[in-house]
Structures are given as structure tokens and as C-alpha cells.
Amino acid sequence: MQESQETHISNHLDEIVAAISITPRKKLQNKLLQTALFQPPREKLHLCEEKAKSYSSSHEYKQALQELVRCVALTRICYGDSHWKLAEAHVNLAQGYLQLKGLSLQAKQHAEKAKEILTNAIVCPYNDNTDVFKCSVELFHTMGRALLSLQKFKEASENLTKAERLSKELLQCGRIIKEEWIEIQTQIKLSFAQVYQGQKKSKEALPHYQEALECIEISKGEKSLECVPTLRELAGVEQALGFHDASINHLLQAHLIVLSRNPSQEEAAVSAHSVACAAVASGRPEHHDVAEQYFQDSMANLKDAEGIGKAKFLSIQDGYCHFLQVTGQKERATSILRESLEAKVAVFGDLSPEVAETYRLLGGADLAQGNQSGAHKKLKKCLQIQTLLYGPQDKRTLATQQTMDVLSKAPEKAVKPRQPLRAKAAFCTCGPQHTALGKARPNAAD
């Protein structure tokens, strides 16, 4: 009888809950909330850790950061204020901050908090705990990365050295296996390379990038997607040092890896464009065919794109025009620029740096061919846009105004057509740089 009454009461309560629930979805959310409220802290901690990893792997760093903050709070509840796991939680949170730009100081503060906890943890009963020492390696590495982001290169290098030394000791003592050590080495070597790069020491950065790449290839395989960022950074250092063949080869290697993973059209275009840029940067005729091929590949991937993809296409096309100009194909470059003008107006707007720059270059081309009337019209449009964008006293505006003044005063035959193109077109071969737009040409209209 009592059981029957309890069942009746239970059913009655279910009916009341169902009646006051606005939607089935809200009812489900309430049930999930109740489950979360009565979930043990350690289960909540595990759930937050998994969610943080998931968000981070999908590059949703803000959401990952929120979960890592919860992990710190839950770890303190589960283990107390002086347990090494709390230090680990602070290290993970510091790494979360490093994934977001402009939050390096917060990362450093959490790394310092972790260091304070670990200093007390490396005594009995934790002084023989491998996990504590592995956490210390992560701490020193994370602190090094935070200091690197803050451009404190000496302190960054000191922390990375500690991480490297401690990881080697753990390997020698058999506390970690070689495969685990190689993965640690990969990250440390990359950070060392970036420390040197931050100081413009490409020669010192080079061997660290090479070692990092070797570690990735050993642990993940030569065709792993994880090789791609390191290959690109390595290629950048090689290019700075004048090792153009090696730079192009490494970017080609990265490009082939990207293509093997069914990339989006934009990803394929960006990858091909990086190869073209490296070939142009060498300045050597034997690399012209490579530049031509990969510019074409890059543009083909984005030809029918819209929105951001179209803007990227036009930027790459400008780089291609620059390549054509420096290789003596000025008429072809001018034809492409002229055809691109309508698309640039549609994508960037009438009053945009891209449109102003195109008018400036087309005006220079007309001037080079002796067409002063056409040059004057295009440069006038360029000047109007530059004045509105940058103001009348900006150096780009003044340079265009100076050319216009000379054109207005000079007889038709007095302006030599080759002079405006004496300075190379102010294109960036690897993407738009608005700071170079309207760049002054001192000898354009002497």
C-alpha cells in the first residue's frame, strides 16, 4: 500500500513537472543541470578536462579557456591548495592563455603560481613521483613560451634550458620512454628556435628548427600534417639566410602534405601561394617556372570564390602581377591589373587602398607608354582616394600629388615614359601590406 502511494506521488510529480515545462528541450536542459549539480567533483573535473581538450583541438580557444578555469577550481576542491595536480591545472590554464593573443602576462602569472605550488610539492611524499617531475618539465616549457611572447628572451631561454635538462634526466633515469621524450623535445626545440627568431638570429634558429622537424618526423611520420607548420617556419629561416633551394623544397614538401589531406580550396591556394612567394624571393631565373606554376595553381583554386576568398584571390593576383613586372612581362601585368579593377571595387569598395594602388600602377603604366592623358586621369582618381583615406599630408598622397604636378607642367614629350616604372611596383608578393600602398617614387617624374 505504501509502495502504491509512493508510486502515485511520483507519477503526480512527473505530471506537474511536465505541465510547467515550457518545451521538451527545456525539460531536458533541466535534467542535465540536475545531473551536473549532483555530479561528484572528480567526475566534473574529468568532464571539464575532456571538454577543454576537445575545444582546443577544434581551435575554439575561448571555450577551452573557460573549461580550464573550471578545472583549476575543481582541482582545488578535489586535491587541496598544495597538491601537484593543482600546479598542473595552472600550467594547463597558462597554456590556454598562450593560445589567445595578448594574454601572455596572464599565462606567466599562472605559471608562477604553478611553480610556487610545485616548490612545496617536491618534498615527501612527492619527491619520487614521476608525474611531479613531468609537470615541472611542462611548467618550465610553458614559462619559457610565456616569456618569449613577452619578448624576455634571456629568461625564456633559461626556462627552456631547465625543461630540456630535466626531460633528459627523466629519460636517463627511465622515468619516461624515448617516444615520450621525443615529443617533449619537439616542443622545446621549436620554442628555442622561436626565441632566436624573435631576436633576428636566423643562423642560431636554423638547427633548432631542423631538430624539431626531425623529432616530428620520427614520432608522427614524414607525411604527418603536424610537419607543415614547422616546415613553413624552417623555410622562412632558410629564405632569410639565402638558402632558397632548401626553402622552396621544404615549402613544396609542406604543400604535398596539405594536398594529401583533401584541403579546402582556400587552404590549397594559400599553400601553393607560399611556394610561389619563395620562388619569387630567390630572384633567380631558374625559379621563375616554379613561381609561374604555383601562382597559377593558387589563383585557380580561388577563381570562383566569393567574399573573403575573392579578396584573397585579388591579393594573390596582385602578387602575380608584381612577378610579371619584375620578369619583364609588363604589358601582361598591366592587362591583368586593368581587368581586376572592377572586381576590386566590388570587393573592397571605391574608397579602398587596393583600388587606389591599382589606379596608381595603371597610371604609371600609361606614363611608361607615353600616354600622359590616360596617366593623368588614373593618377587623379588615385589622388582623390588617397586624400580621403590617408589625408593630404600623408607621404603616399604627397608622392602622387608631386607626380600630378609634374605631369600638369611638363610638355607631352618631356616626361620620359620609362621613368615612372624605375621603382618597382609596391606589391607584396605574399599578401597585401597597406603600409606600402602609394609608396613614393622619387624619380617617377623628374
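Contact here means heavy atoms within 4.5 Å. The structure is a predicted model, in which local features need pLDDT of at least 70 and side-chain atom pairs count only at pLDDT 80 or more, while totals for chains, interfaces and linings use all residues. Residues are numbered from 1 along each chain as its sequence is written, and side-chain values use heavy atoms, with hydrogens and water left out. The protein has 19 helices and zero strands; both are DSSP runs numbered from the N terminus (helices H or I, at least four residues; strands E, at least two).

**Overall composition**

- Of the 446 residues in the protein, 42% are buried (buried is under 20% relative accessible area, exposed over 50%, partly exposed in between, with a 1.4 Å probe and protein chains only).
- Among contacts with a separation of 6 or more, 59% are between residues 24 or more positions apart.

**Helix pair α13 and α14**

- Two packed helices are described by the angle between their axes and the distance between the axes.
- The axes of α13 and α14 cross at roughly 160° and come within 8 Å; axes are lines fitted to C-alpha atoms, for helices over the stretch in contact, and angles run from 0 to 180 degrees between N-to-C directions.
- The two helices, α13 and α14, are therefore roughly antiparallel to each other (angles under 35 degrees count as roughly parallel, over 145 as roughly antiparallel, 65 to 115 as roughly perpendicular and the rest as oblique).
- The α13 and α14 crossing is left-handed, a term that applies if the near helix is turned anticlockwise from the far one by less than a right angle, with right-handed for clockwise.
- On the α13 side, the residues in contact are Gln 265, Glu 266, Ala 268, Ala 269, Ala 272, His 273, Val 275, Ala 276, Ala 279 and Val 280; in α14 they meet Val 290, Ala 291, Tyr 294, Phe 295, Asp 297, Ser 298, Asn 301 and Leu 302.
- By class, this contact of α13 with α14 has 12 nonpolar, four polar and two charged residues (Ala, Val, Leu, Ile, Met, Phe, Trp, Tyr, Cys and Pro count as nonpolar, Asp, Glu, Lys and Arg as charged, and the others, Gly among them, as polar).

**Helix pair α3 and α4**

- Helix α3 (residues 41-57) and helix α4 (residues 61-79) have axes that cross at roughly 155° and come within 8 Å.
- That makes α3 roughly antiparallel to α4.
- The crossing of α3 and α4 is left-handed.
- Residues of α3 in this contact include Leu 45, Cys 48, Lys 51, Ala 52 and Tyr 55, and those of α4 include Ala 64, Glu 67, Leu 68, Arg 70, Cys 71 and Leu 74.
- By class, the contact of α3 with α4 has 13 nonpolar, three polar and six charged residues.
- His 59 is in the loop between α3 and α4, and its phi is near 65°, a positive value in a residue other than glycine.
- His 59 is exposed, with a relative accessible area of 57%.

**Salt bridges**

- The count comes to 17 salt bridges, each being a side-chain nitrogen of Lys or Arg within 4 Å of a carboxyl oxygen of Asp or Glu.
- Asp 245 and Arg 284 form a salt bridge with an N to O distance of 3.2 Å.
- This pair links distant parts of the chain, 39 residues apart: Asp 245 is in helix α12 (residues 244-259) and Arg 284 is in the loop between α13 (265-282) and α14 (288-302).
- Asp 245 is partly exposed at 38% relative accessibility, and Arg 284 is partly exposed at 27%.
- Arg 284 also forms a salt bridge with Glu 286, with the closest N and O atoms 2.9 Å apart.
- Asp 394 and Arg 396 form a salt bridge with their closest N and O atoms 2.8 Å apart.
- Both residues of that pair are buried, Asp 394 with a relative accessible area of 18% and Arg 396 with 13%.
- Salt bridges that share partners join Lys 51, Glu 67 and Arg 70 into one network.

**Other residues**

- Lys 200 is in the loop between α9 (178-198) and α10 (202-220), and its phi is near 60°, a positive value in a residue other than glycine.
- Lys 200 counts as exposed at 75% relative accessibility.
- Arg 232 lies in helix α11 (residues 227-240) and is partly exposed, with a relative accessible area of 33%.
- Beyond its neighbours within four places in sequence, Arg 232 is in contact with Leu 251, Ala 254, Val 258 and Ser 271.
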